[in-house]
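Dear colleague,

I am handing over the structure that follows, and my notes on it come directly after. Please read them beside the coordinates.

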Amino acid sequence: MRTTRHLCASIGLAVAMSMTSCSGGGDGGTAPDSTVSPAAGPQLGDPIEGLTAAELASFERGREVFSRRFKPSEGLGPFYNATSCASCHSTPVPGGSARLYRNFYICLVYPLGQQVALRDLPSPIVPAFGSGDWGGFLPAHMNANFKLDGSRARMPDPDSAPYEVTIAQRNAIPIFGTGLFEFISDPTITANADPHDLDGDGISGRFNSDNGAIGRFGVKAQVNNIEVFTRAPLQNQMGITSDPFNGSAGTVSSSLAAFQGTTNPNDPTTDGDGIPDPEISHDDLGDLIAFTRFLAPPTPKTFTPAALAGEARFETLGCVACHLPSLESSRGPVNAYTDLLLHDMGDDLADGLNFGTPQWSQFDPITNGHEFRTQPLWGVSMSAPFLHDGRAETLEQAITLHGGEAQTARDAYVALTDAEKAEVIEFLEKL
Ligand SMILES: [Ca+2]
Ligand SMILES: [Ca+2]
Ligand SMILES: [Ca+2]
C-alpha cells in the first residue's frame with residue numbers, strides 16, 4: 001500500500017527494518033514499535049543524496065547565488081519585486097517560503113482564453129518596484145497598461161478598465177525537493193489524469209502543459225522544468241536577464257502540443273536598463289539551477305501513534321485522491337503528497353487566471369481559472385500561510401477552505417470530532 005511503503009522509504013533503512021509493517025501490504029495505520037528512532041535524512045537546506053562531487057560543489061555555490069542581493073549596478077530591475085531569490089524563499093532556511101508581506105500580484109487582461117499580460121511587462125507578474133531609467137523600455141501609459149507612480153506599481157482598476165482585468169495574489173511556496181519533480185516521468189503524471197472524471201469519483205485531475213511539455217512546477221503546474229522556473233523569476237521578480245543554460249535541452253520529456261505557451265527556454269531575456277545582458281553569468285546561472293534542482297525534500301519527523309491515525313484518516317477522508325503520498329521517479333520515490341495535476345477548487349479559491357495549456361482545454365470551456373496544482377504537503381507545517389495567496393493562516397483553515405472537487409473530502413474532515421481532526425493535523429505536521 002502506498003502510504004505504508006512511503007513511510008518506510010522516507011524514514012530510512014534503520015527505522016524501516018525495525019517496523020515489521022514495512023515489509024509490505026500494511027494498512028497504513030499500524031502503530032509503530034516504541035523503539036523507533038528519530039527520522040534520519042538530509043537536514044533542511046541540504047542537497048539530495050547521491051550527487052557527484054562536481055554537482056555538490058555547484059549546489060553549494062548555487063546557494064550563495066540564491067541568497068545574493070543584486071544591486072541596480074549588477075542589473076537589478078528596471079522592474080522588480082525583490083533583490084534575491086531568498087527574499088521570498090527563506091523561511092526557515094534558503095529554499096523555504098515567505099510570509100504575506102512578500103506576496104505579489106499577477107495581472108492579466110481580456111477574458112479567460114484570450115488573456116495576455118499588461119503591455120510592456122515581460123510576464124503576468126506585476127513588479128512592485130521600478131527605477132527611473134529604462135532606456136527604450138519605458139511603459140506606454142495607456143488604458144489598462146502597466147504604470148509606475150513614484151517608483152511603485154499601479155495596477156489597472158478592474159472596475160474602470162475598458163476591458164476585463166483579472167488580478168490575483170501569490171504567496172511564496174517552498175522549493176525543498178521540488179527539483180525531484182523533473183525526475184518523475186510524463187507517463188507517471190498522466191496516468192493519474194482523469195479529465196472527464198470517467199471513474200465517477202468526483203475528482204478530475206488534468207495535466208498542464210508548457211510549450212508542449214508536461215507541466216510540473218508552479219501553483220498551476222504551468223512550467224515544465226527547473227531551468228525555466230529559475231530564469232523566469234530572475235527576470236520577472238528581480239529584473240535579472242539571462243541566456244538559456246541548456247535551452248530546449250532543459251525540457252523534461254516533451255510530448256504534447258501547446259497553444260498558449262508561457263515560456264520559451266530558448267530565448268535569452270533582455271531589458272533596457274543599460275546594464276549589458278545577460279546580467280547573470282553562465283556559471284552563476286548553472287550553479288543556481290543546481291541549487292534549485294538538488295535541494296532535498298524535508299525529512300519527515302517520527303510518526304507518533306496520533307500521526308499514524310491521522311495518516312489513516314487522510315486516506316479514508318479521500319485526501320489521497322489528489323495528495324498522492326508518493327510518485328515514482330528515476331531517483332526513487334518522491335513522497336510529496338501531490339499528483340502534480342490540476343483540480344477545480346471551487347468558486348471561492350478560483351483566481352480567474354489561465355496558465356499553460358491544460359489537458360482538453362482546447363476543446364472544453366477553459367476551467368483553469370478554477371484550477372490549481374495539488375500543493376505538495378511534505379514539510380507543509382513550515383510554510384504558513386497556506387494556499388496560493390496565503391489566505392489560510394493555519395492548516396485547519398487551509399483544509400476547510402477546500403472546495404470544488406475537494407468539497408466531499410473537506411466536508412468529511414469538518415464532520416470529524418476535534419480529537420480526530422487533531423490527528424490529521426498532527427500527521428501533516430510530521431511530513
Ligand atoms: Ca536588469
Ligand atoms: Ca475521477
Ligand atoms: Ca540589462
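Which residues of α6 are buried? They are Leu285, Asp287, Leu288, Ile289, Ala290, Phe291, Thr292, Arg293 and Phe294, where a residue is called buried if 20 or more other C-beta atoms lie within 10 Å of its own, exposed if 12 or fewer, and partly exposed in between, with C-beta atoms placed from the backbone.

Before going further, please keep in mind that this is a predicted model, in which local features need pLDDT of at least 70 and side-chain atom pairs count only at pLDDT 80 or more, while totals for chains, interfaces and linings use all residues. Residues are numbered from 1 along each chain as its sequence is written, and chains are lettered from A and ligands numbered from 1 in the order in which they are written. Helices (H or I, at least four residues) and strands (E, at least two) are DSSP runs, numbered from the N terminus.

Helix α6 covers residues 282-294, and its 13 residues reach 18 Å from the first C-alpha to the last, close to the 18 Å expected at 1.5 Å a residue (the expected span being 1.5 Å times one less than the number of residues). The cover over its buried residues includes α3 (53-67) and α5 (228-238).

Leaving aside residues up to four places away in sequence, Met238 touches Phe70, Leu76, Tyr80, Ala82, Thr83 and Pro233, a contact being two C-beta atoms, placed from the backbone, within 7 Å.

Packing of α7 and α10

These two helices pack at an angle of about 100°, with their axes 7 Å apart; axes are lines fitted to C-alpha atoms, for helices over the stretch in contact, and angles run from 0 to 180 degrees between N-to-C directions. Helix α7 is therefore roughly perpendicular to α10, the label used for 65 to 115 degrees, whereas angles under 35 count as roughly parallel, over 145 as roughly antiparallel and the rest as oblique. Among the residues making the contact are Ala306 and Phe314 of α7 and Val424 and Phe427 of α10.

Phe386, in the loop between β12 (371-373) and α8 (395-400), is buried, with 23 other C-beta atoms within 10 Å. Phe386 touches Ala392, Leu395 and Ala398, again not counting residues up to four places away in sequence.

Two peptide bonds are cis: the one joining Gly77 and Pro78 has omega of about 15°, and the one from Asp277 to Pro278 has omega near -5°. Pro78 sits in the loop between α3 and β1, and Pro278 in the loop between α5 and α6.

Finally, Asn211 has a positive phi, near 50°, in a residue other than glycine, and counts as buried with 23 C-beta neighbours inside 10 Å. Ala221, which is not a glycine either, has a positive phi of about 50° and is buried, with 29 other C-beta atoms within 10 Å.
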